[in-house]
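Hi everyone, thanks for coming. Have the sequence and the model open while I talk, and stop me whenever you like.

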Amino acid sequence: MSGSAARTATADVVCLGESMVTFLPSQPGRLADVPSFGRGIGGAESNVACALAAAGHRAKWVGRVGADGFGDHLVDAIAGYGVDTSAVRRDPDRPTGVYFRTATDRATDAHEVAYYRAGSAASAMSPHNVPYDDLLTTRVLHLSGITAALSADCLALLHDLTAPRDGRPLISFDVNHRPGLWREGEAGPEVLLALARRSDLVFVGEDEAEEAWGVHGTEAIRAALPEPDVLVVKRGADGVTVFSRSGGGDTVTTVPSLRVDVVAAVGAGDAFAAGFLSATLRDLPVRDRARHGHLMAAAVLTVPGDLTGPPPRAYADRLAALDDEAWGTLRLGPGWTVADGANEEVRVT
């Protein structure tokens, strides 16, 4: 399964992970009280693939779904965003995962999620049944810590994909610490730290780094993760701090968050990763990579669901190129992604 420096990239980004059918509540309230749900799709890695494809990149999603109607829906819906789903495998013996969630912000105590993913088709992914040629013939391979938590086989797969090899694509890793997914007795935080340290580009929240590893502050997080060439520390309303290795040391770039009129606080992390990766593929400066991440996140935050179309590239480029003062006074609301610069939902205040 070793790579080769002679490989030709057939995709800009390949995203590996579980996608599930998600049931979205028709109204706020406890799961016990919600009368009906609408069907959508959810999955950190497929969300990133969909956003990148919608932004004009060659994106491929590699996953495993059941040979069932929910699997049909996932593959069709993700392909509908322009994602290459040709490497998705169907499992005749295991179901497609599903989950239900409430309408509240997942950061609040009122948020509920009910997962039905144990024994899912995706949990059976392993180094022996995924298409390595699809995973390695890409400029960027995007992974997340969620996959590592699904099963011992999935963890073995991520260990193998993050191992040093000739011609390895750039490994992008979103820590995505989800304590509830790890089985009793498993050292989830240690596993995630090891995978992050084997990656080239890492996304981690300041809060999840403290929860998982007991480290607080951007410098302490960098000290815990010295290996990645690029480390993106997400700091919520305070923006992001990016450590990028140049020469013998780091260049540290801090980019403030945007002011956003939030409709639903879901999907922003995946969208940020997609925006940052999109700008990375275009070799934009680090500041602009982070700004494109913020803009892609703002697109999702101003719609009800986890996915939406990004702003046109030229428009996003104009916003990302604003001077610091103008960027700091920008405010985005619903409908801003179709603005032409005169839309009232894009305001400088």
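This is a predicted model: local features need pLDDT of at least 70, side-chain atom pairs count only at pLDDT 80 or more; totals for chains, interfaces and linings use all residues.

Residues are numbered from 1 along each chain as its sequence is written, and side-chain values use heavy atoms, with hydrogens and water left out.

Let's start with the rings. A search of the whole structure turns up nine aromatic pairs. Two rings of Phe, Tyr or Trp (its six-membered ring) pair if their centres lie within 6.5 Å; planes under 30 degrees apart are called stacked, over 60 edge-to-face, and the rest tilted. One of the pairs is Phe-37 with Phe-100, edge-to-face, at 5.2 Å centre to centre and 85° between the planes. This pair links distant parts of the chain, 63 residues apart: Phe-37 is in strand S3 (residues 37-42) and Phe-100 in strand S7 (residues 98-101). Helices (H or I, at least four residues) and strands (E, at least two) are DSSP runs, numbered from the N terminus.

For the cut-offs, buried means under 20% relative accessible area, exposed means over 50%, and partly exposed is in between (1.4 Å probe, protein chains only).

A second pair is Phe-203 with Phe-272, also edge-to-face, with 6.4 Å between centres and 85° between planes. Here strand S11 (residues 201-205) holds Phe-203 and helix H9 (residues 268-281) holds Phe-272, 69 residues apart. Both Phe-203 and Phe-272 are buried. Going back to Phe-37 and Phe-100, they belong to one aromatic cluster together with Phe-23, Phe-70 and Tyr-116.

Now for the pocket. On a 1 Å grid over the protein atoms alone, a cavity is a set of points where a 1.4 Å probe fits but cannot get out, and a pocket is an open set with protein on both sides within 12 Å along at least five of seven lines; lining residues have an atom within 4 Å of a point. The second largest pocket has a volume of about 170 Å³; grid points are joined across faces, edges and corners, and the volume is the space filled by probe spheres set on the points. Which residues line the second largest pocket? Among them are Tyr-115, Arg-117, Ser-120, Leu-150 and Arg-183. The charged end of Arg-117 sits over the ring of Tyr-115, 4.8 Å from its centre (CZ of Arg or NZ of Lys within 6 Å of the ring centre and within 35 degrees of the ring normal).

Asn-176 has a positive phi of about 45° although it is not a glycine, and Asn-176 is buried because its relative accessibility is 8%. Asp-283, another non-glycine with positive phi, near 60°, is exposed at 62%.

Last, Thr-253 lies in strand S14 (residues 249-255) and is buried at 16% relative accessibility. Beyond four places in sequence, Thr-253 is in contact (heavy atoms within 4.5 Å) with residues including Val-286 and Arg-287. Thanks, and over to you!
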